[in-house]
Protein chains: 2
Amino acid sequence: MTTIRDVAKLAGVSVATVSRALNNSGYVSISAREKVEKAVKELNFYPNEVARSLFQKKSKLIGLLLPDITNPFFPAIAKGVEDCVNERGYSLLLGNVEGDSEKQEKYLRIFEQNNIAGVISAVQGNPINLKNMPFVSLDRINEEQKYVVHSDDFLGGQLAAQAIIDGKAKKVVIMAGPENISASKVRLKGNKDILDRYAVPYEIFQTESFHLDLAEETAKAVFNQLSEFDSVIASNDIYGLALITEAHKRGIKVPEELQVIGYDDMPFSKMMTPPLTTISQPAYEIGYKGAELLCNVMERDSVTEKRIQLPVTLIKRETLREKDEHE
Amino acid sequence: MTTIRDVAKLAGVSVATVSRALNNSGYVSISAREKVEKAVKELNFYPNEVARSLFQKKSKLIGLLLPDITNPFFPAIAKGVEDCVNERGYSLLLGNVEGDSEKQEKYLRIFEQNNIAGVISAVQGNPINLKNMPFVSLDRINEEQKYVVHSDDFLGGQLAAQAIIDGKAKKVVIMAGPENISASKVRLKGNKDILDRYAVPYEIFQTESFHLDLAEETAKAVFNQLSEFDSVIASNDIYGLALITEAHKRGIKVPEELQVIGYDDMPFSKMMTPPLTTISQPAYEIGYKGAELLCNVMERDSVTEKRIQLPVTLIKRETLREKDEHE
DNA sequence: TTGAAAGCGATACCAG
DNA sequence: CTGGTATCGCTTTCAA
């Protein structure tokens with residue numbers, strides 16, 4: 001491994017001068033800088049981040065906490081985060097937490113042991129071991145958190161309910177996401193707000209998780225436990241798809257007999273048959289903006305925008321019945 | 001931050017003794033060990049990994065290189081990798097490379113600057129900046145690589161072709177994955193092997209990427225450029241889905257008029273309408289086994305199994321026509 | 001069995 | 001402007 005000493009020796013200057021030249025800090029004469037640059041190039045030298053991080057007590061790493069990497073919503077967020085932090089010279093330490101709070105705390109510890117510069121988390125809740133690490137929450141936020149990026153879940157819930165009503169809902173089932181996840185609760189409120197306003201009857205089917213593995217059996221459970229509904233507001237696209245698949249198995253026609261709306265607009269939702277109508281959240285932007293916010297928190301003292309809300313939109317496709325314009 | 005010196009002071013021993021006690025290296029008396037353990041607990045001390053890593057010239061981090069985190073195949077691999085490395089006390093530095101070889105080299109450099117213990121890559125090709133880092137390739141491997149984990153792509157290609165033939169293929173289109181990716185080439189060979197044996201006519205449609213964003217237009221292109229085919233072997237499930245969606249738009253019935261088989265068995269493929277018949281690769285296991293292999297390479301001197309091949313299986317669902325048993 | 005001390009590779013203070 | 005040197009927190013000789 002080539003070190004700063006090798007560079008200093010080859011350039012005929014001290015390590016202090018090399019360090020200053022590399023970091024553009026303090027005074028370095030033009031001639032010294034040139035000698036250093038030449039030596040750096042010749043030796044193909046890149047400074048060791050570990051040594052730097054030890055001295056600075058702060059590395060160029062950012063911890064990324066995700067609830068479930070197999071749910072396409074989170075890789076999309078991760079990509080946004082990655083693109084932004086890369087531009088700013090950081091890299092990501094990955095923590096896939098799977099709703100396991102022990103695992104989450106373990107990761108926070110590991111982050112701390114690695115002098116992480118900050119953490120960005122899409123996991124619900126306030127970590128205990130956070131200490132003083134700069135922290136930004138994405139999507140699954142809560143009231144006490146200072147720095148958050150999320151989308152307008154209340155509006156999303158309203159849009160979904162309105163769309164279902166436009167499709168002439170007689171009786172709707174709301175598949176409500178896990179109760180401990182703020183986004184689910186807020187969306188549910190949005191759903192109810194509109195449904196109540198139009199006095200459309202609904203039942204709530206509470207789900208315990210957003211996880212893929214449970215989607216199929218949950219869809220079955222909905223049909224087994226509930227009846228005579230003609231509309232479903234699914235907790236996310238995965239559950240929406242599972243529900244449609246199950247409906248087809250039971251010979252129920254979508255959207256004629258049963259209309260379904262999802263949430264998230266996963267990349268695959270438009271490739272379904274029929275393509276899934278859903279509420280789109282800007283996952284990539286949530287990640288990108290979140291990383292931007294974190295970088296600002298880490299690098300500046302004051303940040304103006306602390307809680308950022310991004311818009312949601314209704315993506316009309318083919319799992320909802322047509323609105324009768326002339327009625 | 002509490003350091004090893006604080007522990008030493010509280011325990012009334014030297015830092016050397018604390019270090020030995022923590023690492024179970026060298027001699028430590030029972031009484032000293034107890035004092036250290038007590039102090040560690042009292043101070044809630046966890047050693048700084050950066051300092052450790054600086055001295056050892058090797059961190060507890062593993063670099064993970066992925067071609068495209070938004071393709072569900074790779075998060076599944078990543079999860080397998082993560083589960084295994086966690087058990088062994090490592091964490092993951094994430095590098096989403098997006099087919100950009102400059103980005104890949106940049107990550108390798110970052111890995112090196114962080115004293116990474118090893119790298120595990122699902123990206124095609126041999127990195128230039130690899131130096132002496134232990135390296136394991138997953139899925140997109142090549143002949144020269146010493147440590148690889150992949151699935152049996154030739155058999156996968158054969159199974160797909162055989163399944164298509166069983167569905168009474170008259171004219172088949174093979175959507176061949178990118179030519180620079182070994183797995184695509186081998187699968188194509190497997191396809192041809194069977195198709196030639198049964199003298200079933202086929203055309204090859206070459207795709208440039210496995211990427212989601214291109215799936216729709218690629219599907220359109222297949223229909224625009226080729227005609228009179230009744231069977232498609234898609235390069236992966238994403239392309240299979242896009243193709244089916246496009247077929248539906250054109251009023252073509254699947255599987256009656258057009259049968260389609262995918263590759264990978266993504267989590268969503270079973271939730272389609274109709275559910276997608278495909279070749280299943282054990283993505284999670286590829287990741288897990290790959291991480292296991294890497295850990296063994298890093299920790300032992302000799303590893304017996306260097307190139308691990310995992311099985312593939314045909315997952316029969318509903319996008320292929322029925323085999324006529326009585327004919 | 002223990003502890004003092006020399007690093008690991010970079011940064012930053014301070015004297016020159 | 002430049003260079004010597006202490007320092008970050010931990011591991012590992014080496015002498016006691």
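Tutor: Happy to! By class, the surface near DNA strand D has 17 nonpolar, 10 polar and 3 charged residues. Here Ala, Val, Leu, Ile, Met, Phe, Trp, Tyr, Cys and Pro count as nonpolar, Asp, Glu, Lys and Arg as charged, and the others, Gly among them, as polar. "Near" says that a residue's C-beta atom, placed from the backbone, lies within 6 Å of the molecule or strand.

Before going on, a word on the model: it is predicted, so local features need pLDDT of at least 70 and side-chain atom pairs count only at pLDDT 80 or more, while totals for chains, interfaces and linings use all residues. Residues are numbered from 1 along each chain as its sequence is written, and chains are lettered from A and ligands numbered from 1 in the order in which they are written.

Back to DNA strand D: of the 30 residues around it, Ser14(A), Ala16(A), Ser29(A), Ile4(B) and Ala51(B) come nearest. The elements giving two or more residues to this surface are α2 and α4 (49-56) of chain A, with α2 (15-23) and α4 (49-56) of chain B. α2(B) gives the most, 6 residues. Such helices (H or I, at least four residues) and strands (E, at least two) are DSSP runs, numbered from the N terminus.

DNA strand C has 28 residues around it, and the closest are Thr3(A), Ile4(A), Ala51(A), Ser14(B) and Ala32(B). Again α2 and α4 of chain A and α2 and α4 of chain B each give two or more residues to the surface. For DNA strand C, the largest share, 5 residues, comes from α2(A).

Let us stay with α2(A). The axes of helix α2 (residues 15-23) and helix α3 (residues 30-43) of chain A come within 10 Å and cross at roughly 85 degrees. Axes are lines fitted to C-alpha atoms, for helices over the stretch in contact, and angles run from 0 to 180 degrees between N-to-C directions. α2(A) and α3(A) are therefore roughly perpendicular, a label for angles of 65 to 115 degrees. Thr17(A), Val18(A) and Ala21(A) in α2(A) meet Ala32(A), Arg33(A) and Val36(A) in α3(A); contact needs C-beta atoms, placed from the backbone, within 7 Å. This helix contact has 4 nonpolar, 1 polar and 1 charged residues.

Now for how the two chains meet. Their contact takes 38 residues from chain B and 38 residues from chain A. In chain B, α4, α5 (73-87), β2, α6 (101-113) and α10 (237-249) each supply at least two residues of the side that touches chain A.

Among these elements, β2 leads us to the sheet. Strand β2 (residues 91-96) of chain A and β2(B) pair in the antiparallel sense over 3 bridges; pairing asks that DSSP finds at least two bridges. In β2(B), the bridge partner of Leu94(A) is Leu92(B). This pair belongs to an open sheet of 12 strands with mixed pairing, in the order β11(A)-β5(A)-β4(A)-β3(A)-β1(A)-β2(A)-β2(B)-β1(B)-β3(B)-β4(B)-β5(B)-β11(B). β11 (307-310) of chain A and β11 (307-310) of chain B stand at the edges with a single partner strand each, so one side of each is left without a neighbour in the sheet.

Methods
Angles under 35 degrees count as roughly parallel, over 145 as roughly antiparallel, 65 to 115 as roughly perpendicular and the rest as oblique. Two residues are in contact if their C-beta atoms, placed from the backbone, lie within 7 Å.
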